[in-house]
Amino acid sequence: MIRPYLATDWSAICQIYDLAKPIELATAGVADSFCQLEHDSDRKRDFAESTVLVAEDDGDVRGFVGFRGAFIGWLFVAPDASRMGYGGALLLRAIESIEGEATLWTMEANEAAISLYRKFGFEIVERRDTHNRGLPCRAVKMRRKAAQPGATDNPDDAQRLREDH
């Protein structure tokens, strides 16, 4: 089930982020830049300013997505729940909530995330050398045009995601 974030979800959100973010950073070779969410005042502020949805299964939070306006700044799934449809279901709900073109940034080396975003119509529109807490890395900006009919190339997939989650 996809539902709005509740304050009581905070510890689960931190746990998911703290398990999943190092994996993302490791793909870009900047694992040493990791900071736990509870201790990252900038990310906590960004989280508080975002609309956040969570994927819940049998009372357990399995993942979350957060966006501000048309910018998706958060999409994390518990590593033990990856590739089970939670990320796609969360992304679909975010896309459905966003007016206009949805955008996001991800690490260029994060092939799993880029593959998921492409399934939902996102395209790479910019590549940038950047840094994460002082460590150099490369990021990509992805955009999904609002005019696209349906969230995936296969409307049956979108319907299945809605029914499953």
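**Rings that meet**

By the pairing rule used here, the count comes to 11 aromatic pairs; rings of Phe, Tyr and Trp (its six-membered ring) pair if their centres lie within 6.5 Å, with planes under 30 degrees apart counted as stacked, over 60 as edge-to-face and the rest as tilted. Please keep in mind that this is a predicted model, in which local features need pLDDT of at least 70, side-chain atom pairs count only at pLDDT 80 or more, and totals for chains, interfaces and linings use all residues. Residues are numbered from 1 along each chain as its sequence is written, and side-chain values use heavy atoms, with hydrogens and water left out.

**The aromatic pairs**

- A pair of aromatic rings is described by the distance of the centres and the angle of the planes.
- Y17 and W74 make a tilted pair, with 5.8 Å from centre to centre and 55 degrees between the planes.
- Y17 belongs to helix α1 and W74 to strand β4, so this pair ties together parts that are 57 residues apart in sequence.
- Y17 has 3% relative accessibility and counts as buried (buried means under 20% relative accessible area, exposed over 50%, partly exposed in between, with a 1.4 Å probe and protein chains only).
- W74, at 0% relative accessibility, counts as buried.
- The rings of Y17 and F76 have centres 5.1 Å apart and planes at 65 degrees, so this pair is edge-to-face.
- Because Y17 lies in helix α1 and F76 in strand β4, the pair ties together parts that are 59 residues apart in sequence.
- Ring pairs link a cluster made of Y5, W10, Y17, F34, F47, F64, W74 and F76.
- R43 lies over the face of W74, at 3.8 Å from the ring centre; a charge sits over a ring if NZ of Lys or CZ of Arg is within 6 Å of the ring centre and within 35 degrees of the ring normal.

**The chain as a whole**

- The chain has five helices and seven strands (helices are DSSP runs of H or I with at least four residues, strands are runs of E with at least two, and both are numbered from the N terminus).
- Along the sequence, the pattern reads β-α-α-β-β-β-α-β-α-β-β-α.
- Of the 165 residues in the chain, 44% are buried.

**Strand β3 and its partners**

- Strand β3 covers residues 60-68, and seven of its nine residues are buried.
- β3 pairs with strand β2 (residues 51-57) in the antiparallel sense over seven bridges; two strands pair if DSSP finds at least two bridges between them.
- E56 has V61 in β3 as its bridge partner.
- Two residues lie between the strands in the hairpin of β2 and β3, where D58 takes a positive phi near 50 degrees.
- β3 also runs antiparallel to strand β4 (residues 71-77), joined by six bridges.
- V65 has L75 in β4 as its bridge partner.
- The hairpin of β3 and β4 has two residues between the strands, and G69 in the turn has a positive phi of about 60 degrees.

**The nonpolar core**

- In soluble globular proteins, nonpolar side chains tend to be buried together.
- The largest nonpolar core has 40 residues, of which F64, I72, L91, Y117 and F122 touch the most other members; such a core is a set of buried Ala, Val, Leu, Ile, Met, Phe, Trp, Tyr and Cys residues joined through side-chain atoms within 4.5 Å.
- Helix α3 gives the most to this core, with seven residues.
- Leaving aside neighbours within four places in sequence, I72 is in contact with residues including V65, F67, L91, L104 and F122 (contact means heavy atoms within 4.5 Å).
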